[in-house]
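My notes follow in the order I took them.

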Amino acid sequence: MNILVCISRVPDTATRILVGPDGKTIDTQGIKYVISPYDEYGIEEGLRLKEKNGGTVTAVTVGSEGSTDILRTALAMCVDKAVLIKADTHKDSYFVAKNLAEYAKEINPDIIFMGRQSVDYDSLQMPSMVSEFLGIPSVSVVSKLTIADGKATAERDVEGGKEIVEASLPCIISCQKGLNEPRYPKLPDIMKAKSKPIETREAIQTDEKVTVLGMSIPLKQRAGRILGDGDGDIDELVRLLHEEAKII
Amino acid sequence: MAYNAIDYYNIEELLSDEEKLIMYSVREFVENEVLPIIGEHYLKGTFPSELIPKMSGLGLLGITIPPEYGGAGASYTGYGLAMMELERGDSAIRSFASVQNSLVMYPIYTYGTEGQKNKWLPKLASGEAIGCFGLTEPDYGSNPSGMLTNAKKIDGGYLLNGAKMWITNGTIADIAVVWAKFDGVITGFLVEKGTKGFTAPEMKGKLSLRASVTSELIFQDCEIPEENLIDIKGLKGPLSCLTQARYGISWGAVGAAMAVYDSSVQYAKSRIQFNKPIASFQLIQEKLVWMLNEITKAQLVAYRLGRLKDEGKDRFQQTSLAKRNNVDIALTACRIAREIHGANGILYEYHIMRHAANLESVKTYEGTDDIHTLILGEDITGIPAFE
C-alpha cells in the first residue's frame with residue numbers, strides 16, 4: 001500500500017504560549033516543537049498498515065525549514081520517506097491543504113492519514129479541504145480502523161457513542177486518540193534516521209483566504225468560591241450576586 | 001502535573017537532533033513504563049524484569065555499540081542522556097543499563113575476540129542475555145588490586161576460585177565478566193551461567209536500590225574454557241570499564257536530581273500554609289534556588305564530559321570529578337526536596353525517599369566519593385594518598 005501521512009509541527013503541549021510583538025503570531029523564542037499528537041496516531045496507523053500489508057509510508061509536512069526536526073522524528077519512527085513542502089511564514093489552512101493535495105495527486109496514495117486537528121491553530125479544516133481538492137471520501141475523528149477488500153471500515157466518535165462507517169479507498173482518515181498507541185522512536189532507528197534523506201520542495205503559492213487580525217491570551221478566570229449551606233451562606237450568596245456579580 | 005525537565009541554561013540547544021530524540025524517547029518510556037510500576041517493585045524489593053524486553057526493544061542495551069553488533073551506534077552524549085532519563089525513573093533501572101552497557105558490552109567490544117563479540121554482543125543488545133561484572137570482593141572494595149579470586153592454567157582452559165560481592169544483575173546474569181589474578185596479574189574471564197562450580201546467590205536486606213538485583217558470585221574449581229579469556233592484562237582493564245560506568249552515573253544522578261527538583265517546585269507552589277503557597281517563603285525559595293544552581297552546574301559538567309568523550313579527549317580524572325560532584329549534589333537535592341515536601345516527602349508516591357535511599361548507594365559504588373576525592377587529589381598534587 002502507498003500510505004501518506006500528513007503531519008504538522010506544533011509547540012510542545014506543555015509550552016507556555018505568549019503572543020509575539022506583532023500581536024498576530026506567537027512568540028517562538030525558546031519553544032520546543034513536536035509532531036502534533038493527533039498526527040502521531042496517523043504515523044502509527046500508517047506504519048501498522050504497512051507492517052501488515054507491505055508498501056511504503058511517506059510523511060509530509062508544510063512548514064518552515066526548521067520543520068525537518070519533526071520529519072526526522074517520523075523517520076526515526078520508521079516511515080520510509082519524508083517530504084518538506086517549504087513555506088517561510090505561517091499560511092492559512094487553504095494554502096496548506098492545497099499543497100498537501102497537490103503532493104498527494106503526484107504520489108497517488110491508497111490512503112491518507114492526518115490528525116483530527118493540529119493542536120496549535122485548531123482550525124479543523126485540513127481533512128475536509130484535502131478530500132475536497134482530491135475528490136475522495138474523508139472520515140473524521142476515527143478511533144478504530146480496518147482495511148479490507150479495498151474498503152476502510154472506521155469507527156468514529158460521535159456525541160455519546162460510536163458510529164461505524166465504510167468508505168472506498170483511497171480516502172482520508174482523520175485520527176482520534178484511542179486509534180492506537182504511537183511507538184517511541186528506538187535508539188538504533190533514531191541513529192539510522194540521521195542518514196535518511198528529506199526531500200524538500202517549494203510550496204505552491206495561493207491567495208490568502210483567511211487573515212489573522214490579532215491574537216490575545218485569555219484573561220485569567222477568577223477562582224470560584226464555594227459557600228456552605230447555612231442560612232448565613234444564602235444571605236452571602238444573594239449579596240455577592242447583587243453587589244459583586246451585579247446580576248440580580 | 002506533567003514533568004518539566006529543568007534546562008536552565010538551554011543545554012538542549014547544544015544537542016544534535018538525534019541526541020534530543022534519544023532524550024525525549026527515553027523520557028516518555030520512563031514516564032509511561034517505569035514510573036507507574038517502580039514504587040511497588042521498590043517496596044517489594046523486586047527487579048522489574050518485565051522492563052528488560054521493553055528496554056532492549058527501545059535500543060537501551062548497547063547504546064554506543066555499532067549496529068553490526070546489534071547496538072544503536074549513538075554518541076556518548078546520547079548514552080549519557082539516556083542514563084539521565086532512566087535514573088529519573090530509578091537508580092536501579094539505570095544501574096541495570098549501566099552494567100549491561102558499560103561493564104559488560106564495553107569490555108567485550110573493546111577487548112574481546114571477534115568470536116566473543118559475535119557470540120555475546122547481539123544477544124546482550126536484544127536482552128536475550130543479561131550480563132554482570134565481577135570485580136569487588138567481600139574484603140576488597142576500594143582496593144581491587146588486592147583481590148583473592150584467582151585463576152590457574154589447566155588443560156584447555158583455566159580453573160577459577162574465589163568470591164565476588166555486591167554484583168548488580170549477578171543472579172539474573174547469563175554471562176559474567178569476572179576479574180581474577182592469573183600469575184599475579186589481573187585478568188578478565190567470561191563465565192557463563194551454568195558453568196560447573198559457579199553460583200550467584202542474591203543478597204537480601206538492602207534498604208537502597210531495592211528494585212535492583214545484587215548478588216554474590218561464587219567460583220569453586222570453576223572451569224573456564226580457553227576462548228573465554230579476555231585479552232587485557234592488569235587493573236587498567238576493569239578500571240577502563242568503571243570509567244565508562246561512572247560517566248553514565250554522572251548523568252544519571254542529574255536525572256534523579258531533576259526529578260526531585262521538579263517535584264519540589266510543583267509541591268511548593270501548590271502547598272498552602274499560613275494562607276499562601278509555601279513557595280512564597282524565602283526559606284523555600286532559597287532551597288529551590290540551591291537545587292537549580294547545583295543541577296545546572298552538574299548538567300554542564302556532564303554535557304562537557306560527554307563531548308570530551310565523543311571527541312576521545314576525556315581523562316578518567318574528569319569522570320571522577322563529574323561522578324563525585326553530581327552524585328553528591330543529587331543526594332543533597334533529595335534531602336532538601338524531602339524537607340520541602342514535609343511529611344509527604346517520606347511517602348513512596350512522591351519518589352523523593354526512594355531516590356534519596358538509592359543515591360546513598362550510588363555515592364559509594366563505582367568508586368566511593370572519598371576515592372574519587374583522592375584520585376583528584378593525586379591529579380592536582382602528583383602524590384597518591386592511597387598508596
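What share of the 248 residues in chain A is buried? I found 40%. Buried here means under 20% relative accessible area, exposed means over 50%, and partly exposed lies in between, with a 1.4 Å probe and protein chains only.

Ground rules noted before going on. This is a predicted model, in which local features need pLDDT of at least 70 and side-chain atom pairs count only at pLDDT 80 or more, while totals for chains, interfaces and linings use all residues. Residues are numbered from 1 along each chain as its sequence is written, chains are lettered from A and ligands numbered from 1 in the order in which they are written, and side-chain values use heavy atoms, with hydrogens and water left out.

**Chain A overall**

I counted six helices and eleven strands in chain A. These are DSSP runs numbered from the N terminus: helices are H or I with at least four residues, strands are E with at least two. The C-alpha trace of chain A spans about 70 × 45 × 40 Å along its principal axes.

Next I looked at contacts, meaning heavy atoms within 4.5 Å. Of the chain A contacts between residues at least 6 apart in sequence, 70% join residues at least 24 apart.

Chain A exposes about 13600 Å², and carbon and sulfur atoms supply 50% of that area. The areas come from the Shrake-Rupley method with a 1.4 Å probe; for residues, only the protein chains shown count as cover.

I then looked up Ser131(A). It sits in helix α4 (residues 126-134) of chain A. Its relative accessible area is 9%, so Ser131(A) is buried. Leaving out residues up to four places away in sequence, Ser131(A) touches Ile136(A), Pro137(A), Ser138(A) and Ile172(A).

**The interface**

How many residues does each chain bring to the contact? Chain B gives 21 residues and chain A gives twelve. The area buried between chain B and chain A is about 1500 Å², with 70% from carbon and sulfur atoms. Buried area is the accessible area (1.4 Å probe) that two parts lose on being put together, summed over both. Glu18(B), Leu21(B) and Leu58(B) supply 36% of the area that chain B buries against chain A, more than any other three residues.

I searched this interface for salt bridges and the rule finds zero. The rule asks for a side-chain nitrogen of Lys or Arg within 4 Å of a carboxyl oxygen of Asp or Glu.

**Salt bridges**

Over all chains the rule gives 37 salt bridges. In one of them, the side chains of Arg27(B) and Glu85(B) meet at 2.9 Å, N to O. Arg27(B) is in helix α1 (residues 17-44) of chain B and Glu85(B) in helix α3 (residues 76-89) of chain B, so the pair ties together parts 58 residues apart in sequence. Both Arg27(B) and Glu85(B) are buried.

I checked Lys287(B) with Glu339(B): a salt bridge, closest N and O atoms 3.9 Å apart. Lys287(B) lies in helix α7 (residues 282-310) of chain B and Glu339(B) in helix α8 (residues 316-340) of chain B, so this pair ties together parts 52 residues apart in sequence. Lys287(B) is buried at 19% relative accessible area.

Lys313(B) pairs with Glu311(B) in a salt bridge at 3.2 Å between the closest N and O atoms. Is Lys313(B) buried or exposed? Lys313(B) counts as exposed because its relative accessibility is 55%. Glu311(B), at 43%, counts as partly exposed.

Last entry: Glu44(A), Arg48(A), Glu51(A) and Arg183(A) are linked in a network of salt bridges.
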